[in-house]
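Please open the model in your viewer and keep the selection tool at hand. The stops below say what to select next and what is to be found there.

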Amino acid sequence: MARGRGRLTPYLMILPSGLWMAAFFLIPMVLMVSLSLQTGNLIDGFRQTFHWQNYLDGIDTYGDKFIRSLWYGFLSTVLCIAIAYPAAYWIAFRGGRHKSTYLFLILLPYFVSFILRTVAWKLVLTDNGPILGPLRGTILPNDFHILDTGVAVVSGLTYNFLPFMVLPIYVALERIDPRVVEAAYDLYASRVQAFTRVILPLSLPGVFAGVIMTFVPVSSDYVNAEVLGGPQNTMIGNVIQTEYFNNSAYPMASALSFSLMAILLVGIFAYARTLGTQDVLEAAGR
Amino acid sequence: MSNIDPAFLRGLTRPRMARSTFARRDVLRMMGAAGAGLALSACGVQGQGGKEKVSQTDVQKYWAGKVKNGRLNWANWPGYMQDDRETIKAFEKETGIKVTYKEVIQEMGPWFGKIQAPLSAGQSIGFDLMIMTNGIQLEQCRQLGYLAPLDLSKLPNFQKNAGESFKNPSYDPGNAHTIPYESGVTGIAYNTKYVDEEITSIAQLFDAKYKGKVGMMGDSQELGNFGMFLLGIDPEKSTKADWEKAAAKLREQRDKGIVRKYYSQDYVDAVSKGDVWLTMAWSGDVYSLTSPDVKFVVPKEGGTIWTDNMCIPKTAENPVDALTLMDWLYVPENNVPLTEFINYMPPIPSTQEILKQKAAQATGDEKKDLTRLATSPLIFPSEADLARLRHYRRLTQAEEQEYQKIFEPIAKGS
């Protein structure tokens, strides 16, 4: 009897989260897959016809938006690493007893609503705003503008998702045993060598986690492209949003969502295989 | 769970049924596949069409037992009410109905997207009165039966005071579901600080010298109409071939980099600040919201005239109060202050006379403002102006899908 209950315990423990996932992840997923294969319109209703063409039509019509989303996702992720790594490094190794204060300062702007922060960028980047206003016509040509271009969108994305890169890198750096670094110096490593051969490999799992946490939401974001972008900067998230909420084209919106999910999953999987945690740990063990 | 294709289920099950022994995993896998198949083929979304005809019994049935609750939630567009809410305050004082007023409507497509799900489920959308432009989404609301049938006997002031052209419109025969709030014109606004020539024509929106400085509207009907005007096509009589020609022109304009952005409401801000120099615009917005440097013109090729309508969502909690407000706004004296602020065409012709009288009694700046208003061609357009204005084309369900497919992707960069 006691043994029987013991065997059941782990299942009972995952029951709440299992039910949660089933109710709010699995069931909606199945419904969405179903919807993505239907045809029809709002007035006459949608019927299941196993219309796989929805997927081909979606890729055909909006393929360039998929590519643009992945490209913006890539650019923002690289920028995030470039900005976040030095910051996290400085806080972890030079932050002293104020570490948590510095982390709090990085997170502080994120207590303000996502939309509001993005609109603030719009105000800063506007043609006659505080930055471009004085520069245009003097240093920069008169028709120069940033707002409503890809530069504005990528900047906004990078800014909005920066903490998701800072925090995991910080955690990875913070966990490095200082004695390991000291050992490197004892073995006559230069500062550069100690960084490239000890600190960097040990922090890579943090970078890896950061990349997943920024690249996925950035690629499917639609707010930044909507607020900061122009007609040439539409991302796949905007298309899905319009198809779903404006046009009530539920099958097309669902098909596009699943295509995006598949592309991101394949991308992440390939990334994990080439630069996965396994290899990272091996590199660290060397 | 009704419309499962039997052939599909057979396809899923047959080959495995033929095997004599089942491994446990196979059975499980099969059950999983069949379950997924069931789920996949279930849950088609029910059609809701065919409810647009309204009879007197429908009206009676809807209004039976509905009483005044003393409160009202009103969804409107920005710039459609005085900043100090003067008109609402007057209404509250006179009727004792408390109004909660929200400027939540920016563009018809997204608004319809927001209200569609609760309305189709028969739930309240939190508003008792909303302002919808005649066009694709209003047509859908009517056809889907989302709007309360209006009891015209409770709208005596509308019957008495509304202009003839505002009664019985083609988009809502017999005012079965809507009565006008006001009408306006889609034309061109330009900032005279940056544009040093006179703008008179849609062709100037396509001029390469304004590269990156032109704003267009994202709404597919507004955008499509301007493409058609440019080509000399009357949108009301247009065909699919015309739409394709217009779409090609609009794409060319976009791909040359002339269009900076496709706007919903925020063009007002952009043209005032100089982010765009000239843009498609709605007449009253320019009159009331933008800086004095911004001018509005009805292009010589033509402009769109549209009507924003008051209507009651079927699931409203306070429909009687909403109906009371609708009729109250048709008392000319109640409506005049609204027109003075929002600067669109009022549905009550006697407004012009009242404004003229007010102007005669006023002095100084106020007299100048009122005279300008009472004689403004944008608010009381001349016959010649009216002749250049066109309505949105009414689209059948099939046409609408074609139309959207042609124009919708332009603003999305496809």
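**A guided walk through two chains**

Start by selecting Leu278(B), which, leaving aside residues up to four places away in sequence, touches Ile188(B), Tyr190(B), Val195(B), Ile199(B), Gln204(B), Leu205(B), Tyr210(B), Lys213(B) and Val214(B); here two residues are in contact if their C-beta atoms, placed from the backbone, lie within 7 Å. The model is a predicted one, in which local features need pLDDT of at least 70 and side-chain atom pairs count only at pLDDT 80 or more, while totals for chains, interfaces and linings use all residues. Residues are numbered from 1 along each chain as its sequence is written, and chains are lettered from A and ligands numbered from 1 in the order in which they are written.

**Enclosed elements of chain B**

Select residues 259-263 of chain B next: this is strand β6, and five of its five residues are buried, so the strand is largely enclosed by the rest of the structure. It pairs with β5 (residues 214-217) of chain B in the parallel sense over four bridges, where pairing requires that DSSP finds at least two bridges between the strands. To see one of the bridges, pick Met216(B), whose partner in β6(B) is Tyr262(B).

Then move to helix α6 (residues 136-143) of chain B, in which seven of the eight residues are buried. What covers them? Among the elements over the buried residues of α6(B) are α5 (108-120), β3 (129-133), α8 (220-230), β9 (303-311) and α17 (397-411) of chain B. After α6(B) comes Gly145(B), whose phi is positive, near 70 degrees.

**Chain A and the contact**

Colour chain A by secondary structure to find its 13 helices and two strands. The strands β1(A) and β2(A) run antiparallel and are joined by four bridges, with a hairpin of three residues leading from β1(A) to β2(A). Thr39(A) has Arg47(A) as its bridge partner in β2(A).

Finally, show both chains together, where the contact takes 35 residues from chain A and 37 residues from chain B. On the side of chain A that touches chain B, α11(A) gives the most, with five residues.

Colour by pLDDT, the predictor's confidence in each residue, from 0 to 100: chain B averages 86, and 86% of its residues score at least 70. Over residues 1-25 of chain B, however, the pLDDT is below 50. Where pLDDT is low, the predicted coordinates should not be read in detail. For the complex, the predictor gives an ipTM of 0.72 and a pTM of 0.78.

Notes:
A residue is buried if 20 or more other C-beta atoms lie within 10 Å of its own, exposed if 12 or fewer, and partly exposed in between; C-beta atoms are placed from the backbone.
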